[in-house]
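Thanks for coming. Please have a look at it first.

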Amino acid sequence: MRGFDRSTNPPLVAYQTILYDVRDDGVARVTLNSPDNRNALSDELLDELSDAFGRAGDDERVRCVVLTSSHEKVFSAGASLDGFAADVPIVHKHFATERFPRLFRKIMGLGKPTVCAANGHVLAGALGLALSCDLILAKEGARFGTPEINVGVFPFMIMALIYRNVPRKKTNELLLLGEQISAEEAREAGIVNRVAPAEEFDALVDEWATKLAAKSPVLMRMGKDAMHRQLDMPFEDALDYLRSQLSIALTTEDVQEGVKAFFEKREPHWSGR
């Protein structure tokens, strides 16, 4: 993956469990960086992820966000089991789990394309984190699964995301058996967009992120909003809504620029308006 030079693009804040960088071409990278516990989704890590994605969403320079891990073999092993066993009132545990849906909503509603670069195993709650991204690229050897049932828990927090991305019977298999599947099996199941060998993985992530960052930011935002809003609409309502969004899109400067650039056989220059 193309380097993120911290000397010229310093992190906006010093995080403890993640790294955050913004490249000159508008690609931001959020890196899970708690290798000692295999990037367990602790309260601190979830809070820092929410903050980082919030910063990326508010930063006009950012056109695409890549979510990855600094661990050589694990993207994330999922939620920290310490929280489940903690001796605190059950209502406090209930309030604490709000961090998961809050983060999922923030990523899905970011208005900017997101890529999960799964350079290692994606397990339990981390599968929900990955699926909240628009695209998932996996390195060969990475494994995916929801093993919660094996320790007497169940993947309640990520179930809705899995069922919206994976066929019902395959989802049932993942949830009920708790077994892991390979990156290629995850691609066949609709979880992963593409699998790449280790030596090609970083280049593929960089290629996709660069392409996404080069698109019109205003059309990307409108398109992403429409993608998520129409998802659970009745068909006729979805058609009416999408038609109205097209009419609004036709009023933007970027649509006019895109069409003009096409006929002039040149690259468009997006104004973001």
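Leaving out residues up to four places away in sequence, which residues does T114 touch? This is a predicted model, so please keep that in mind for everything I say. The list for T114 is F53, V65, I107, S132, C133, D134, L135 and K224. T114 itself belongs to strand β5, which covers residues 114-118. Is T114 buried or exposed? Its relative accessibility is 0%, so T114 counts as buried. One more distance for T114: its C-alpha atom is 9.3 Å from that of R63, although the two residues are 51 apart along the chain.

Next, the cysteines. How many disulfides does a search of the whole structure find? The number is 0. Take C64: it is in no disulfide, and the nearest cysteine sulfur, in C133, lies 9.7 Å away. C64 is also buried, at a relative accessible area of 0%. C116 has C133 as its closest cysteine partner too, with the sulfurs 5.1 Å apart. Like T114, C116 sits in the stretch 114-118 of strand β5, and C116 is buried, with a relative accessible area of 0%.

Last, the helices. Two packed helices are described by the angle between their axes and the distance between the axes. I will start with helix α4, residues 99-108, and α6. Their axes come within 9 Å and cross at roughly 30 degrees. Angles under 35 degrees count as roughly parallel, and therefore α4 and α6 are roughly parallel to each other. The crossing is right-handed. On the α4 side the contact uses F100, P101, F104 and M108, and on the α6 side M157, I158 and L161. What classes of residue does this contact have? There are 7 nonpolar residues, with no polar and no charged ones.

Helix α6, residues 156-163, also packs against helix α7, residues 168-177, where the axes come within 10 Å and cross at roughly 155 degrees. That makes α6 roughly antiparallel to α7, and this crossing is right-handed as well. From α6, the residues are M159, I162 and Y163; they meet R168, T171, N172 and L175 in α7. This contact divides into 4 nonpolar, 2 polar and 1 charged.

That is what I had; I am happy to go back to any part.

How values were computed:
Residues are numbered from 1 along each chain as its sequence is written. This is a predicted model: local features need pLDDT of at least 70, side-chain atom pairs count only at pLDDT 80 or more; totals for chains, interfaces and linings use all residues. Side-chain values use heavy atoms; hydrogens and water are left out. Helices (H or I, at least four residues) and strands (E, at least two) are DSSP runs, numbered from the N terminus. Buried means under 20% relative accessible area, exposed over 50%, partly exposed in between (1.4 Å probe, protein chains only). Contact means heavy atoms within 4.5 Å. Axes are lines fitted to C-alpha atoms, for helices over the stretch in contact, and angles run from 0 to 180 degrees between N-to-C directions. Angles under 35 degrees count as roughly parallel, over 145 as roughly antiparallel, 65 to 115 as roughly perpendicular and the rest as oblique. A crossing is left-handed if the near helix is turned anticlockwise from the far one by less than a right angle, and right-handed if clockwise. Ala, Val, Leu, Ile, Met, Phe, Trp, Tyr, Cys and Pro count as nonpolar, Asp, Glu, Lys and Arg as charged, and the others, Gly among them, as polar. A disulfide is a pair of cysteine sulfur atoms within 2.5 Å.
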